[in-house]
Amino acid sequence: MDDQQGVHVTTHNTTEPVTMEDTVENTPGRQLIELMAGFWKTQAVFMAAELGIADAIAAAGRLPVVDLALRTGTDADALGRLLLFLESLGVVEGDEKSGYALTPVGELLRVDAPDSMSDHVRIYGSHFYQAWDALSHSLRTGRSAFTHVFGSDLFSYLHQNPDVSLTYERAMVAGTPFFAEAAGAFDFSTARRIVDVAGGHGALLDEILKANPGPRAVLFDAPHVIEEAASRPIATVHADRCERIAGNFFESVPADGDVYLLSRILHCFDDEACHRILTNCHRAMAPGGRLVILERMLTKGTGSSLAQGYNMHMLVVLGGGRERDEAHYRALLEKAGFAVESLHRLPLETHLVVAAPR
Ligand SMILES: C[S@@+](CC[C@H](N)C(=O)[O-])C[C@H]1O[C@@H](n2cnc3c(N)ncnc32)[C@H](O)[C@@H]1O
């Protein structure tokens, strides 16, 4: 039978239990419900990480809801509903009686999983979630909603809140399962001194130095991050081949490198700020040097696009930050005295761009 919106509705045989197949349809109304309630999913996976639910399940392998509620200090009925929802999202599998286990997606929520995304999920479910709640501020002013909500810009806030800073840096590393691939996309073997400009804790450098025994490296970042990378390191960069230097890339970057890395830096800033960073790299670079940029790129076309989402995220979190398309990056580089030599595709819509001084 057809309802008044012209949607075909099947009649259910009342002797059989209702299944998902009976209830899932693909109407515009349903699609809009999925879109408007996207925050349900954000908060569900956030809680699975934040309340240690994924860790408790992983420790036991499979846990009945009542035991899991005891271990996580949650209400058994509420937790049972969360698990049913997480099961529908593909994060756990099982049922109330036999207990729940983690799926491969759920495994990534564990703190100690090899490619853990636990901190990534935590910062998106908390600080970034609150910033997005003030999206109207960004839309009205073109400025950062994060700054509006938290009273200081993201990088100053991280400086003032060391625990959040560590979560942020871990989240950064979790967002780049392709660093090893990046290390193979450019020939670093003949480099003498690689400078990672705002390299965080050095996860990318670590991959590059592991794959290339020759080069020495400089990990450059803001003073509190360099200090944090020494005292509470996330990445274990070869200490004998890597020097740590603190500073501000708007003033200068360490000199005499023959490769300068800019991984996910330019998308944090507006064109004018990018120009300052790029010209500082140009000025500092040894003759014959190369700039290697890692950024997600906007492309034409429809369908799911991480880059379009991150383009909004950069506005909300950093105000002037934005994702750019290839032409925009070429123009920025040209203005700062560089010419693009090659582009390499990496996972998650990221590109590695190699540029040389003109
Ligand atoms: C988006 S993270 C990228 C980190 C790393 N390159 C990566 O791809 O994982 C931005 C980095 O820029 C650093 N940063 C921000 N402002 C800076 C400044 N003025 N001078 C030096 N580093 C800065 C932050 O501390 C942070 O580590």
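Analyst: A nonpolar core is a set of buried Ala, Val, Leu, Ile, Met, Phe, Trp, Tyr and Cys residues joined through C-beta atoms within 7 Å. "Buried" takes 20 or more other C-beta atoms within 10 Å of a residue's own, placed from the backbone (12 or fewer is exposed, in between is partly exposed). By the way, this is a predicted model: local features need pLDDT of at least 70, side-chain atom pairs count only at 80 or more, and totals for chains, interfaces and linings use all residues. Residues are numbered from 1 along each chain as its sequence is written.

User: Which residues touch the most other members of the largest nonpolar core?

Analyst: Ile57, Ile194, Val197, Tyr260 and Leu261, out of 70 residues in that core. Helix α15 (residues 203–211) gives the largest share, five residues. Domain 1 (20–107) and domain 2 (173–357) each supply at least three.

User: What does Ile194 touch, leaving out residues up to four places away in sequence?

Analyst: Phe188, Leu205, Ile208, Pro215, Ala217, Gly257, Val259 and Leu261. There's also a second, separate core of 13 residues, including Phe128 and Leu315.

User: How many residues surround the ligand?

Analyst: 16, and Met172, Ala198, Gly200, Ser263 and Arg264 are the closest. The shell splits into nine nonpolar, five polar and two charged.

User: What share of the protein is buried?

Analyst: Buried residues are 34% of the 358.

User: How far apart are the centres of domain 1 and domain 2?

Analyst: 36 Å, taken over C-alpha atoms. The whole C-alpha trace spans about 80 × 45 × 40 Å along its principal axes.

Conventions
Domains from an automatic or database assignment. Near = placed C-beta within 6 Å. Nonpolar A, V, L, I, M, F, W, Y, C, P; charged D, E, K, R; others polar. Helix = DSSP H or I, 4+ residues; strand = E, 2+ residues; numbered from the N terminus. Contact = placed C-beta atoms within 7 Å.
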